Amino acid sequence: MKRFLGFVKKEFLHIFRDYRTLIILFGIPAAQILLFGYVVSTDIKNAGVAFLDLSKDEITQKISDNICSSGFFNRTDNLLAYNDIDKILKKGKTKAVIVFPKNFGGDLINEGKAILSIIADGSEPNTATLVTNYLTAIITDANREMTGLSPGITSIIQPEVKMFYNPALKGHFMFVPGVITLILILICALMTSVTITREKEFGTMEVLLVSPLRPVQIILGKVMPYFILSFINVILILLLSWLVFGLPVKGSIILLLGESMLYILMSLSLGILISTVSSTMQQAIFISLVGMMLPTILLSGFIFPIENMPQIYNWISSVLPPRYFIVIIKNIMIKGTGFMYIWKETLILTVMAAVFIGLSIRNFRIRLG
Amino acid sequence: MRTIFYLIRKEFIQIFRNKFIGRAIFAVPIVQMLILVPAVTFEIKNVDVCIIDNDLTPESRGLISQLEGSTFFKLKSATFSEEEANTLLHKGKCDLILHIPAGFGKDLVSGYTGKIMASINAINASTAQLTWAYLNGVLRDYNFNIITENININPIKPGNQIQIINRYWYNEMLNYKYYMLPGILGILVTAIGFLLAGLNLVREKEIGTIEQINVTPVRKHQFIIAKMVPFLIIGLIDLAAGMVLGKLAFNIPFEGSIALLFLCSAIFLAAVLGLALFISTFSGTQQQFMFIAFFFMIIFILMSGIFTPLESMPGWAQKLDIINPVAYLMRINRMVMLKGSTIHDISRDIYSLIIIAIIFVILAVRRYRKTA
């Protein structure tokens with residue numbers, strides 16, 4: 001035991017000696033939480049629209065004014081001919097062009113009906129859908145205003161909506177769990193895999209292996225400091241998201257910390273597994289960063305809901321641990337549910353951790369080369 | 001010139017000596033691209049609905065069948081207790097609870113407004129908004145049916161109508177694959193070049209082999225260029241392979257000039273590799289480099305506009321994007337591939353990329369010291 005503690009101390013000294021890595025270790029989560037909170041959003045704000053007004057009457061004037069003063073859209077240009085539409089969309093700043101055909105206002109007043117078209121840039125499908133939805137709503141409102149009908153009169157069903165868990169519809173509720181999940185798995189897997197392959201690559205592993213320490217002790221000693229550091233990281237992220245975004249933990253904080261420990265353990269054992277199959281640090285880094293980053297971001301339900309993907313991705317993503325942790329974290333933090341709701345996910349993560357550890361023990365070689 | 005050539009050859013030999021890296025460089029981006037591109041979509045295919053129908057009249061059933069008819073909503077469960085419905089929402093078994101209270105049908109028939117309650121799981125705010133919008137669409141249709149059926153009960157003079165026609169150019173069907181492929185491909189190429197080039201230099205430092213180069217008459221710029229070129233070539237090959245496969249697997253349209261796209265990608269890679277080498281000149285260990293690289297890459301990617309529109313970022317973040325090479329690449333890739341933008345349309349982005357590339361490469365050359 002004393003030997004083991006001495007070894008853990010050595011590992012801590014290794015980490016603290018490299019203060020730059022340590023700064024980054026705590027800087028990354030902080031910077032990313034802040035960035036996500038303020039930067040990443042899918043709302044429409046100041047999207048560029050252009051107008052092709054072939055009618056030029058009071059009504060088209062009124063509609064375009066309403067669009068530009070809504071706060072969602074900026075007028076980028078007034079076009080003169082159909083050919084200009086392609087040109088301006090190709091420049092990329094304009095997301096949609098609103099075309100009023102000739103005699104639009106006249107038709108609307110005399111015949112009670114007029115047609116206008118919205119030409120949106122479909123190369124960004126999500127923005128295109130949002131922009132056309134917003135524009136349609138603004139134009140419909142403008143029309144109502146002009147004809148003097150109050151908005152409620154045409155509808156005889158009045159829906160009342162309650163946005164559960166996130167009444168203000170903030171994006172933070174989605175990304176804080178995602179960031180914790182992403183950062184923990186990448187950092188834990190990276191750090192452990194690199195620190196073990198480093199000893200291999202430099203040949204110092206040999207020194208450790210001939211020491212009286214048992215292989216299990218070596219691995220545990222390597223992993224222990226990172227376990228503690230990652231756990232501090234979790235607390236830091238939770239504190240930040242609470243202080244900066246006012247996102248409290250609704251459920252039991254002890255349960256959340258316990259689940260985080262399980263997830264960290266799982267990520268660390270994944271790191272050990274990676275280190276047993278790679279001979280150089282480059283290889284370990286390649287597997288844990290290039291191999292895992294995009295699948296974790298895209299297939300875990302972090303940004304894109306898994307339900308919307310084709311069925312096969314439901315199966316593919318079911319082998320990705322982050323998927324389960326995101327569910328756990330959302331349940332505890334945002335929905336405030338208890339262990340009864342997440343025991344399945346917890347069980348899956350436990351099994352995964354066990355499998356990774358088992359595989360690593362099988363792959364671990366006492367002799368080099 | 002010959003020196004650079006020999007150095008480049010040395011780098012290639014070194015890269016491909018590690019069998020795993022040699023294969024992974026080509027296999028990983030292509031496999032990931034093929035798997036990830038079809039997965040990514042913001043489109044909502046089905047929202048699971050739980051119905052609480054306390055009314056049980058023809059009117060309430062009419063509304064429910066209207067909802068069933070919509071492709072977005074899938075009736076998962078029906079119950080009479082609010083509590084049970086809330087449990088389902090908690091468990092994630094449904095995302096929308098539609099509560100039709102008793103008296104709904106009577107109100108409608110007697111010309112009053114019928115009230116219903118919708119509870120939406122709003123953890124994902126954008127999904128919640130879309131769900132709400134679709135639900136409103138269903139209600140609007142239902143309203144319209146009732147009004148036309150019972151025109152004498154509830155006489156309304158329809159106002160002037162504006163009919164709106166939506167057209168989506170460059171991507172009529174709003175196919176997300178067209179949108180994601182150029183983006184994901186760009187990111188994979190970035191990740192590989194950025195990581196491997198930087199690691200390569202730091203590794204020489206860490207193992208000490210850099211001393212052997214330092215004592216030769218190889219000039220600083222020769223050394224840096226020789227470190228850059230192999231990854232530039234690998235990146236372009238990856239890009240070409242990815243595009244050919246994208247065309248074969250997803251039938252991605254290619255409107256613009258291929259040469260222009262490769263020119264831009266080459267400039268972009270020069271910028272990214274320059275930055276990687278610059279960072280590696282002041283990292284002592286591969287671990288250090290990797291963390292800094294990870295930090296930059298996540299920020300570059302998330303601020304590049306690959307998943308979210310750049311316009312929705314706050315002003316200061318948009319200004320910061322001036323030095324984000326990935327943001328330029330995303331824009332250029334999509335504009336050239338999908339819209340067929342010409343060199344004229346994207347000239348400003350190209351100039352900015354060139355300036356960034358020159359700055360990063362010069363920084364890397366200057367920062368690299370031959371004396372330890």
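How far apart do the C-alpha centres of domain 1 of chain A and domain 2 of chain A lie?

1. They lie 48 Å apart. This is a predicted model, in which local features need pLDDT of at least 70, side-chain atom pairs count only at pLDDT 80 or more, and totals for chains, interfaces and linings use all residues. Residues are numbered from 1 along each chain as its sequence is written, and chains are lettered from A and ligands numbered from 1 in the order in which they are written.

2. Chain A is divided into domain 1 (2–39 + 171–363) and domain 2 (47–147), with bounds from an automatic or database domain assignment. For chain B the assignment gives domain 1 (2–40 + 176–367) and domain 2 (47–149); the C-alpha centres of these two lie 49 Å apart.

3. Between the chains, 96 residues of chain A are in contact with 96 residues of chain B (C-beta atoms, placed from the backbone, within 7 Å). On the chain A side, helix H6 (residues 125–147) gives the most, with 11 residues; helices are DSSP runs of H or I, at least four residues, numbered from the N terminus.

4. Within chain A, the axes of helix H7 (residues 172–202) and helix H11 (residues 281–290) come within 8 Å and cross at roughly 165°. Axes are lines fitted to C-alpha atoms over the stretch in contact, and angles run from 0 to 180 degrees between N-to-C directions. H7(A) and H11(A) are therefore roughly antiparallel (angles over 145 degrees).

5. Among the residues that meet are A:Leu186 and A:Leu190 in H7(A), and A:Ile285 and A:Leu289 in H11(A).

Key
Contact = placed C-beta atoms within 7 Å. Helix = DSSP H or I, 4+ residues; strand = E, 2+ residues; numbered from the N terminus. Parallel < 35°, antiparallel > 145°, perpendicular 65-115°, else oblique.
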